[in-house]
Amino acid sequence: MNTKQEILTKITNSGLVAVVRADSSEKAKRITEACLNGGVAAIEITYTVPGATDVIKELANEFKQDIILGAGTILDSETARIAILAGAQYIVSPYLEENTARLCNRYQVPYMPGIMTIEGAVKALETGADLLKVFPGELLGPKVVTAIKGPIPQANLMPTGGVSLDNVEDWIDAGAVAVGAGGSLIGKPDVDGYASITETAKQFIEKIKAARYH
């Protein structure tokens, strides 16, 4: 079992979280496998997926030794607890939900709430959130990371939404410790095939490394 710190370290070392919205557990499994082959450290199964709890259970049974498995779009602590019991190793919300933050702290599970402002970032840090999801990224752009890290350099920021191969280096340059990618990473596997996800993941990780070490 990975500790809280091990989970956070794996996510930040890789720098890429795949946000999965699939309409069946079979498709979610195939996407997970393709992401794993491309070097993605973490998968986030959103609770907009039909039967998300069962999907997490199945993925936990099959992939838990290989990939960090999380639950996203969590709006309340009840759903967070269900997801954790199903096998989720971290919890992501689109905004700061304080009961969920407390629950995650109780069980030492990383919590990643969505934030947009300096005030939101400070409140999230005060609840013990470890990684702040800058969301929605497409509305804010990479400059928001620089703006937040100015007064709060200790904030670990992970933009989600609007992150693509074209701009991922800009986000990392601005100070993001990782990025969440959904549509720009997963694409349309029914049309393009699952191997395209693996290839895109490799390109994302190469660009993240290039931005970190240039």
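## Contacts along the chain

Among contacts in the chain between residues at least 6 apart in sequence, what percentage join residues at least 24 apart? In this predicted model, the share of such contacts that join residues at least 24 apart is 59%.

## Overall fold and dimensions

The secondary structure of the chain consists of 12 helices and 8 strands. The chain's radius of gyration is 16 Å, close to the 17 Å that the globule rule gives for 214 residues, so the chain is as compact as a globular protein of that length.

## Burial and the nonpolar cores

Of the 214 residues of the chain, 54% count as buried. In soluble globular proteins, nonpolar side chains tend to be buried together. The largest nonpolar core of this chain has 62 residues, and the members that touch the most others within that core are L16, C35, I45, I91 and L185.

For I91, leaving aside residues up to four places away in sequence, the residues touched are A71, I74, A80, A83, I84, T100, C104, V109, P110, Y111 and M112.

## Surface and charge

The accessible surface of the chain comes to about 9500 Å², and carbon and sulfur atoms account for 50% of that surface. As for charge, the chain carries 20 positive and 25 negative side chains, with the centres of the two sets lying 3 Å apart.

Terms used:
Residues numbered from 1 in each chain as written. Predicted model: local features only at pLDDT ≥ 70, side-chain atom pairs only at ≥ 80, totals over all residues. Heavy atoms only, no water. Core = buried A, V, L, I, M, F, W, Y, C linked by side-chain atoms within 4.5 Å. Buried < 20%, exposed > 50% of the residue type's maximum accessible area, 1.4 Å probe, protein only. Contact = heavy atoms within 4.5 Å. Helix = DSSP H or I, 4+ residues; strand = E, 2+ residues; numbered from the N terminus. Rg over C-alpha atoms; globule rule 2.2 N^0.38 Å. Areas by Shrake-Rupley, 256 points an atom, 1.4 Å probe, with all protein chains shown as cover. Lys, Arg positive; Asp, Glu negative; His and termini not counted. Charge placed at Lys NZ, Arg CZ, Asp CG, Glu CD.
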